Amino acid sequence: MLAYLLRRLLYAIPILIGVNLITFALFFVVNTPDDMARMQLGVKRVTPEAIEKWKAERGYDKPLFINSQAQGTGVFTDTVLFAKSARMFVGDFGRAEDGRDIAREIASRMGPSLAIALPTFIIGLFVTVSLALLLAFFRASALDFWGVVLCVALMSISGLFYIIGGQYLVSKLWRLVPISGYAAGLDAWKFVILPVAIGVVSGIGSSARWYRTIFLEEIAKDYVRTARAKGLSELTVLFRHVLRNAMIPILTGVVVVIPLLFMGSLLSESFFGIPGLGSYTIDAINAQDFAVVRAMVFIGSVLYIVGLVLTDISYTLVDPRVRFE
Amino acid sequence: MIFFRLALFIVPLLLAACGSEQNDPYPASERGGNILYSAFTERPKHLDPVQSYSEDEGVFTAQIYEPPLQYHYLKRPYTLVAASAQAVPVPRYFDAQGRELPADAASETIATSVYEISIRPGIRYQPHPAFALNRDGTARYGKLDRESLQGIETIADFPESGSRELVADDYLYEIKRLAHPRLHSPIFGMMAQRIVGLAELGETLQSEAKSLPADTWIDLDRFALKGVTVVDRHTLRIALAGKYPQFVYWLAMPFFAPVPREVDRFYAQPGMAEKNLTLDWYPVGTGPYMLTENNPNSRMVLERNPNFHGETYPCEGEPGDREAGLLADCGKALPLIDKVVFSREKESIPYWNKFLQGYYDASGIASDSFDQAVRFGAGGDVALSDEMRAKGIRLLTSVRASNFYMGFNMLDPVVGGMAPNDRKLRQALSIAIDQEEFISIFMNGRGIAAMGPLPPGIFGHLDGEAGINPVVYDWVDGQAKRKPVDVAKRLLAEAGWPNGRDAKTGEPLVIYLDTTSGGMGDKSRLDWLARQFAKLDIQLVVRSTDFNRFQEKIRKGAVQLYFLGWNADYPDPENFFFLLLGSEGKVAKMGENASNYVNPEYDKLFGQMKDLDNGPRRQALIDRMNRILQDDAPWIFCFYPKSYTLAHSWLYNRKPSDVGHNSLKYQRLDVGERERRRREWNEPVLWPLFAGALALAALLLPALFYYRRRERASART
């Protein structure tokens, strides 16, 4: 297993370099260092000298990819690409273009993001798996039919509608929780409850349908018939046998998203005024803040790779036949 | 049974939780406090006075920093009064030989203007650890390193703080900071041309910065600034090259707010920047408020500066202020509110609803809630909707010190040029584009059709017949009436484009509008604009692009027609007319004249006008300049925007101001009234909780029943 993990980590290095390279190229196709300087300095009364000074101070006066004026390794290292990327691989994200420490910003935003994402994920998983098992249990009945209709209806509605509708009903009409905002610590509950509920409800449709399909496929297998023939109750069959054997496809979709929970949700955080990571990248793109964009893309890539590795590990836990060899 | 027990536990819990105002987004400890609640959409980029320039930042910096001057809160037109200064300084003029000249000396004879600013004694800074001293008088936190900063996360974590008196030297220090190469002050380039010695200081500091490792502290005291002298502890003298009467307006901006050197040195210590402990994050000033919480992703809190120096509420204003109750607090010590909480609201829906629930004390009006808030009477008069009036909400309107225009690139061979025919094409388009219709359809009436570059409230703007643009309007029955399209068609034909086609080749006239998407790029607006051009059989082609490319095209002069606006830095006609000055040409000089308009006569008149005091002579020059611009038509004057603000009944003394942002200290709250209203408006509705629980039970019970029946059923044969 250790060798496998080491191999996966080594694979990750070229992936991360590639992601960084693509991010860099895409960013600078759209934004030149001059544009970045203008965005930071404002558009009023900015002189060309001020722009040059800003670039020089932040190292954007160097060539982007290759420095033909430099000698030796300087051809590659004395460039914006190297200067802005190398330290990231040792966990130093540096400062945003407005001078603020990126690692600190990420650390302070991660908590609020998790406060929404984690309960949404756990409760959502519990509710959707339970509902899918329920539908599978009542398969081919009126309950199953209307349950699927409800799922299709739920998944057909835009996420934005859930948010605006939820805010309208729960916060505006019924005045049960604040419409937006956030507080640290235990006081967070009244701000978190609505976005979590909306996150759970908006995710039910697609997930429950997907899990139902998986469960129905399992239910048709011989071992289930054998279990029933042994006289086990339907609940025992579903929870002890069907659910366990359906775990691999469920884990494929679920475990990989666990690390990405740290990245937050753009829409929810924006509408509910949650100061999380969801909007950090978008704000940075709008502000042409390359330092933040590259850091967030890098972290996203690392988390995704971690998610994939965790998924592989989880396979071995639920299915002893899976081996890393 | 389990469900029943659970319900027994949960229902009382829910009932207890759902007391009144369960939707209150603020901590219970703040209830009843003299706290103003407001919101911000964009996080401020800079709070350092040397860098901060945008209005979003001014909302905070103007309450914290105290430049020498400020605008009178109530008087209109905007009037400068003293803030930390004893009085508004009157410049003294000197010729090249250093001889003093009379106040009315001709501008060309003036080599130097000297402003002597006397600071009021006894003004003290807000409490801050940078001022904390040891018994021997040395700085308590003057020798910090990364290790000693462990456990320190915010400024409030420093156990000790201090204060000291504001002195003239602090202003000198801040003016030097304008030239600091690492601070990138947006006005350095402009001020370097004005303040004697600032350009040289900038060059010296630049070479000093290059010789030092990045982030090394540069001690500005080691470098002299020739044009600024500390006369005594409370007097500062600033020498400017030539005559620049607009300088006093800059003295009312945070750029000229004092920065104590010990604060600058405090923040420059190792490990501070990594913890965001910078002046840019935790500003320090002598103003009425101090920033005690800075989380620009969520909320920013200003609290009363305990050392604020006894300023009182004004006792005079403009006509109507007394009737509006704006003089009721005459003579009261400022600020009138203890604390201001700004919450970040990125979306307009939650912002609006929280205002309606009483959780924000004032709000603007977004387009999607405009109809809910405001209605127009038969005569076009604006009034609040019944819903707003029932809540006691007041509507405050004002015309902003801004203008919006569509500019022609005068370097363009089709729409540019100064020949009579070139002018006629632009004049025809100025007539054809119906700004009144645009304001009505797309701005909910929140604007006034522009007649020239100067908005109302700025000296030189004239109302009535004298102020109309005679190229575009006629004065009919006491009102400005846009000329008929036939006049535009005739002008177009005279320009060599009869029926929108080249008189020689028959080629159709195609005009390209460069715009950024999301601004004028909204499809419905552009469709409307295309229809305006179609009135003259001119084809409009829209080239939408991103902000960077748009700016690049403007810089290179690669546009024909563009849409822009300008917010006044200060309320002087110079600040609008300079946008069309030849020496400000975007392509030639990288200035602010995006139309690259050059008219020597206009430039000459501008040179005379900018140095004059407001009066008939200046008005005459402005009238002449307006006439030139209306004839040459380098811009299609679009509109002056109006701001609409809603304020709850418990918020007093709120008066819109476009140039002075330090208005929080004047506002007052009736907290009791707010508490009553909030309780009344936010009684929770509980039945949906019970209905939801019942619905869930109604769904689960049949399932349970079916399950049990199925489990008990015998196998079929």
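How much area do chain A and chain B bury between them? The figure is about 5600 Å², with 48% of it on carbon and sulfur atoms. Buried area here is the accessible area (1.4 Å probe) that two parts lose on being put together, summed over both.

The model is predicted: local features need pLDDT of at least 70, side-chain atom pairs count only at pLDDT 80 or more, and totals for chains, interfaces and linings use all residues. Residues are numbered from 1 along each chain as its sequence is written, chains are lettered from A and ligands numbered from 1 in the order in which they are written, and side-chain values use heavy atoms, without hydrogens and water.

Chain A contributes 57 residues to the contact and chain B 69 residues. Contact means heavy atoms within 4.5 Å. The rule finds 24 residue pairs in polar contact across this interface, both residues at pLDDT 80 or more. A polar contact is a pair of N or O atoms within 3.5 Å; within protein, one must be able to donate a hydrogen and the other to accept it, and residues adjacent in sequence count only if both atoms are side-chain atoms. Several elements give two or more residues to the side of chain A that touches chain B, among them helix 2 (33–41), helix 3 (48–58) and helix 6 (102–137) of chain A. Helices (H or I, at least four residues) and strands (E, at least two) are DSSP runs, numbered from the N terminus. Helix 3 of chain A provides the largest share, 6 residues.

The interface of chain A and chain B also holds 5 salt bridges. A salt bridge is a side-chain nitrogen of Lys or Arg within 4 Å of a carboxyl oxygen of Asp or Glu. Arg43(B) pairs with Glu105(A), with the closest N and O atoms 2.9 Å apart. Arg43(B) lies in the loop between strand 1 (35–40) and helix 2 (55–64) of chain B and Glu105(A) in helix 6 of chain A, so the pair joins two chains. Arg43(B) is buried at 17% relative accessibility, and Glu105(A) is buried at 5%. Buried means under 20% relative accessible area, exposed over 50%, and partly exposed in between (1.4 Å probe, protein chains only). Asp283(A) and Arg344(B) form a salt bridge at 3.8 Å, N to O. Asp283(A) is partly exposed at 21%, whereas Arg344(B) is buried at 8%. A network of salt bridges links Asp35(A), Arg549(B), Glu552(B) and Lys556(B).

Within chain A, the domain assignment, automatic or from a database, gives domain 1 (2–90) and domain 2 (105–324). Their C-alpha centres lie 35 Å apart. The contact takes 22 residues from domain 1 and 19 residues from domain 2 of chain A. About 1800 Å² is buried between these domains, 73% of it from carbon and sulfur atoms. The rule finds 1 salt bridge across this interface. Helix 1 (2–30) and helix 2 of chain A each supply at least two residues of the side of domain 1 that touches domain 2. Helix 1 of chain A gives the most, 13 residues.

In chain B, Ile636(B) sits in strand 23 (residues 635–647). Ile636(B) is buried, with a relative accessible area of 0%. Beyond its neighbours within four places in sequence, Ile636(B) contacts residues including Tyr405(B), Phe408(B) and Leu429(B).
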